[in-house]
Amino acid sequence: MKEHYTSKSGVILEANVKLKIKKIADKYYAATQKNIVVTSGTRTSKSQAEAMYGKLAGGDKLTVYKNRTAAQEIKKSYDDAVTAKKLKPQIIQAIKSTLDSQILKKVYISKHLRKGAIDVRSRDMTPNEKIKFKTASLGVATKVILEVTPPHFHLQF
Amino acid sequence: MMKAIIKSFLLFYLALLSIGCVEVKTSITENNNTVEHFLVSSTELTKNDVITINLPKVRPKNLAIIDPNGQMFIIQSAEADVLMMREEEFLLLKTLEIPIRNSKGTIWINGQKSKQVIFEQAGKYIIYFADNLETEPENTFNFSAQITVK
């Protein structure tokens, strides 16, 4: 049977999450004749470390992160590795190690480091379609949040 | 519903407020390659000014501007089929200039794509570079800076 959802390239989805997205997408398609686009899925600590390395190397102080303590721990691991004149892969590894130890303590700098978190495109939905998407998600996702800036639906399973 | 939307925007906005003009540190040397910092040269502008953005060597692939109402205007995103220049050119740019007057970005009105003038009103705008414009800033490689248009 034809799938009524697609994913942006590089999006990682676990098998059980795929089944849940399929359920929502089928319901949404039945109500609107439109497919959904998954814009983000579960993130690995390695890809998070690479993204944070890019920010830090570009002069960012990680102030955008809501968990300031966790962000500063990561900045410190970057600063220490730079001071020790480590190469880029080693610096990323140092950031990843910090992220991994935070995850063990259930501290998630991004909601997507937690399993079962996905984002869905909302920008091309009409207000009525947004309501239909929320309805389709009821009982499948444990949390459905319409984020405005940047625009997307965040779902937690 | 409206409360949740306002709360969500305020949280995003407050987080970015703390950034202000991105730091003006000298560049750092890494693996013998000079890495330039992200920098918006002036944060207070008038309608006749141009936003000048210095870009680091490694930068996100998309650009959007968020207006004082939280509306996101896409300027560069191959995936959204919105291009101010070819992707390869965008990834090699050292400096990007955006005039305040008449610059346009893409938004979706009732699900329909539409090109609109960005700087229609005075107030605080956020320049937002990100690899993914459809997820939380915590979840994507991004740089942002706030400017005030008088």
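In the predicted model, 43 residues of chain A are in contact with 41 residues of chain B, contact meaning heavy atoms within 4.5 Å. Residues are numbered from 1 along each chain as its sequence is written, and chains are lettered from A in the order in which they are written. Because the model is predicted, local features need pLDDT of at least 70 and side-chain atom pairs count only at pLDDT 80 or more, whereas totals for chains, interfaces and linings use all residues; side-chain values use heavy atoms, with hydrogens and water left out.

The area buried between chain A and chain B is about 3500 Å², and carbon and sulfur atoms give 52% of this area. Buried area is the accessible area (1.4 Å probe) that two parts lose on being put together, summed over both. On the side of chain A, the residues that lose the most area to chain B are Val64(A), Arg123(A) and Thr149(A), which together account for 21% of what that side buries.

Seven salt bridges are counted between chain A and chain B, a salt bridge being a side-chain nitrogen of Lys or Arg within 4 Å of a carboxyl oxygen of Asp or Glu. One salt bridge pairs Arg121(A) with Glu79(B), with the closest N and O atoms 2.2 Å apart. Between chain A and chain B, 19 residue pairs are in polar contact, both residues being at pLDDT 80 or more. A polar contact is a pair of N or O atoms within 3.5 Å; within protein, one must be able to donate a hydrogen and the other to accept it, and residues adjacent in sequence count only if both atoms are side-chain atoms.

The elements of chain A that give two or more residues to the side touching chain B are strand E2 (36-40), helix H2 (45-57), helix H3 (68-83), helix H5 (127-137), strand E4 (143-147) and strand E5 (152-156). Helices (H or I, at least four residues) and strands (E, at least two) are DSSP runs, numbered from the N terminus. H2(A) contributes the largest share of this side, six residues. The side of chain A that touches chain B is made up of 14 nonpolar, 13 polar and 16 charged residues. Here Ala, Val, Leu, Ile, Met, Phe, Trp, Tyr, Cys and Pro count as nonpolar, Asp, Glu, Lys and Arg as charged, and the others, Gly among them, as polar.

Chain A has five helices and five strands, in the sequence order β-α-β-α-α-α-β-α-β-β. Its C-alpha atoms fill a box of roughly 60 × 30 × 25 Å along the principal axes. The axes of H2(A) and H3(A) come within 11 Å and cross at roughly 70 degrees. Axes are lines fitted to C-alpha atoms, for helices over the stretch in contact, and angles run from 0 to 180 degrees between N-to-C directions. H2(A) and H3(A) are therefore roughly perpendicular to each other, the class that covers 65 to 115 degrees. Met52(A), Tyr53(A), Leu56(A) and Ala57(A) of H2(A) make the contact with Ile74(A), Lys75(A) and Tyr78(A) of H3(A). Of the residues in this contact, six are nonpolar, none polar and one charged.

Lys75(A) also forms a salt bridge with Asp79(A) (2.9 Å, N to O). Both residues lie in helix H3 of chain A, four residues apart, about one turn of the helix. Over all chains, the structure holds 19 salt bridges.

Most residues other than glycine have a negative phi, and most peptide bonds are trans. A cis peptide bond joins Thr149(A) and Pro150(A), with omega about -15 degrees; Pro150(A) is in the loop between E4 and E5 of chain A. Gln33(A) has a positive phi, near 65 degrees, and lies in the loop between helix H1 (15-32) and E2 of chain A.

Terms used:
Parallel < 35°, antiparallel > 145°, perpendicular 65-115°, else oblique.
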